[in-house]
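Me: I'm new to reading protein models. Could you walk me through one, feature by feature?

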Amino acid sequence: MEGIENDDLSLRPVEEEDFPTNLHLDEDPNGWQTIAPEHMSIFMPSCLHSSDIQRLGLVTMASQELELRQGQANDALEGLRLALGHKTLLFRTKVMVLLQGE
């Protein structure tokens, strides 16, 4: 990987005290404790300090992550706007039915 030196990375066995007790740790045939991928955190540049992002050459990846997070926030806001609009429509329809029934 460009920008990352070997001494920046370290591999070690998963220690049971590294994880909350509610996660299910499995043991592989070599005796190493493993955790299911769906319970793992994904490394993202936002986990790092800005100086480490610069040092490791992850500036482009960090800006891409920011764009993805902004897109995710916009999608969530659009969903809220649509849900609010739907509730408004239902409310107005219900009020109009009540007013016509009088």
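Reply: Buried means under 20% relative accessible area, exposed over 50%, and partly exposed in between (1.4 Å probe, protein chains only). Here, buried residues make up 9% of the 102 residues in the protein chain. This is a predicted model, where local features need pLDDT of at least 70 and side-chain atom pairs count only at pLDDT 80 or more, while totals for chains, interfaces and linings use all residues. Residues are numbered from 1 along each chain as its sequence is written, and side-chain values use heavy atoms, with hydrogens and water left out.

Me: How many salt bridges does a search of the whole structure find?

Reply: A salt bridge is a side-chain nitrogen of Lys or Arg within 4 Å of a carboxyl oxygen of Asp or Glu. The search turns up two. In one, arginine 69 pairs with glutamate 65, with the closest N and O atoms 2.7 Å apart. In the other, arginine 55 meets aspartate 52 at 3.6 Å, N to O.

Me: Where do arginine 69 and glutamate 65 sit relative to each other in helix α2?

Reply: They are four residues apart in helix α2, so about one helical turn separates them. Arginine 55 and aspartate 52 are three residues apart in helix α1 (residues 50–56), so they too are separated by about one helical turn.

Me: Is glutamate 65 buried or exposed?

Reply: Glutamate 65 counts as buried because its relative accessibility is 4%.

Me: What is glutamate 65 in contact with, leaving aside its neighbours within four places in sequence?

Reply: Contact means heavy atoms within 4.5 Å. Glutamate 65 lies in helix α2 (residues 59–101), and with those neighbours left aside it touches Met44, Pro45 and Ser46.

Me: And what about the surface? How much accessible surface does the protein chain have?

Reply: Accessible areas come from the Shrake-Rupley method with a 1.4 Å probe; for residues, only the protein chains shown count as cover. The chain's total is about 9200 Å², and 58% of that belongs to carbon and sulfur atoms.

Terms used: Helices (H or I, at least four residues) and strands (E, at least two) are DSSP runs, numbered from the N terminus.
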